[in-house]
Amino acid sequence: MAATIIDGKAFAARVRGQVAEHVARLKEVHGLTPGLAVVLVGEDPASQVYVRSKGKQTVEVGMASFEHKLPAETDQETLMALVEQLNSDPSVHGILVQLPLPDHLDEEAVLNAINPAKDVDGFHISNVGLLGTGQKAMVPCTPLGCLMMLREHHGSLSGMDAVVIGRSNIVGKPMAQLLLGDSCTVTIAHSRTKDLPEVVRRADIVVAAVGRPEMVPGDWIKPGASVIDVGINRVPAPEKGDGKTRLVGDCQFDSCAEIAGAITPVPGGVGPMTIACLLANTLTATCRAAGLPEPEGLTA
Ligand SMILES: Nc1nc2c(c(=O)[nH]1)N[C@@H](CN(C=O)c1ccc(C(=O)N[C@@H](CCC(=O)O)C(=O)O)cc1)CN2
């Protein structure tokens with residue numbers, strides 16, 4: 001069986017289109033322009049690309065974009081002061097601090113200093129707790145994007161067996177909470193899981209988020225299962241020339257696609273949904289702050 005390829009790029013474009021329509025209506029009817037502030041500390045090349053992309057897409061959907069680029073040697077106090085300033089700025093409805101931060105900075109303290117209502121990354125401990133107890137929260141963008149793709153493909157996820165490989169706070173844990181919220185039977189697998197291939201073989205839904213290039217082969221996949229590959233790993237590609245690289249996921253795409261019912265590619269799968277969901281979250285945060293109804297289909 002050849003799997004359906006879930007086109008994250010096209011899906012993300014549709015989500016951005018929906019966000020743009022809502023933003024236009026917010027402006028016209030309520031005179032309200034959602035604003036997203038993105039903070040980047042240091043010169044990590046990948047982070048620079050992501051932040052540039054976020055700024056561009058924010059403007060494209062009609063929102064206001066505020067970019068704050070700080071030098072790598074920025075101290076904790078300066079960063080916390082900027083977060084405080086953004087918390088009290090009424091034109092800023094969403095705040096995102098690009099990760100990873102340089103090692104000398106206390107990431108947890110910075111994330112927990114963001115006003116939870118403006119925490120469009122969903123990393124603040126209040127949002128983590130709200131999500132974990134099934135209450136209305138800001139939901140981390142990557143897992144939200146995965147959930148949207150799964151819902152679109154399956155309709156209802158109720159009663160399905162799901163395995164999330166990876167237990168990070170950013171993807172694995174919130175992903176498991178979201179699947180549980182949609183009434184899946186959820187297993188979180190990790191480096192100490194016994195007989196991982198057997199655990200994965202039981203799953204109707206496999207979300208791979210470990211950051212290990214092509215770790216999951218096709219013979220771990222139950223025939224017809226949905227495979228959501230969150231990994232974005234850069235590996236050497238000597239076939240493209242000296243020193244060249246290419247991106248691969250956490251799953252072996254070709255062998256998994258032969259067995260799965262649906263699969264997300266890398267690149268062009270989960271990655272583009274992350275930024276689309278950031279825009280959706282900024283819209284949601286703006287509506288909540290103004291006491292307006294939330295956009296349908298763009299939240300968990
Ligand atoms: N504060 C945050 N920091 C980080 C997050 C996050 O959600 N919040 N996630 C990642 C990086 N990230 C967004 O910030 C991100 C990663 C990848 C993509 C993407 O579209 N990837 C493309 C491939 C891009 C390439 O060629 O390198 C794809 O998969 O098709 C978007 C956003 C860590 N930091």
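## The shell around the ligand

Three elements, β4 (94-97), α6 (141-154) and α10 (270-290), each supply at least two residues of the shell around the ligand. Helices (H or I, at least four residues) and strands (E, at least two) are DSSP runs, numbered from the N terminus. The greatest contribution is that of α10, with four residues. Domain 1 (29-121) and domain 2 (141-272) each give at least three residues to the shell; these bounds come from an automatic or database domain assignment.

Of the 17 residues around the ligand, Y50, L99, P267, G271 and T274 come nearest. A residue is counted as near if its C-beta atom, placed from the backbone, lies within 6 Å of the molecule. By class, the shell has eleven nonpolar, five polar and one charged residues. Here Ala, Val, Leu, Ile, Met, Phe, Trp, Tyr, Cys and Pro count as nonpolar, Asp, Glu, Lys and Arg as charged, and the others, Gly among them, as polar.

## Basis of the model

The model is predicted: local features need pLDDT of at least 70, side-chain atom pairs count only at pLDDT 80 or more, and totals for chains, interfaces and linings use all residues. Residues are numbered from 1 along each chain as its sequence is written.

## The packing of α2 and α10

Helix α2 (residues 45-60) packs against α10 at an angle of about 50 degrees, and their axes are 10 Å apart. Axes are lines fitted to C-alpha atoms, for helices over the stretch in contact, and angles run from 0 to 180 degrees between N-to-C directions.

The contact is made by S53, K54, Q57 and T58 of α2 and by I275, L278 and L279 of α10, where contact requires C-beta atoms, placed from the backbone, within 7 Å. These residues of the contact divide into three nonpolar, three polar and one charged.

Conventions. Contact = placed C-beta atoms within 7 Å.
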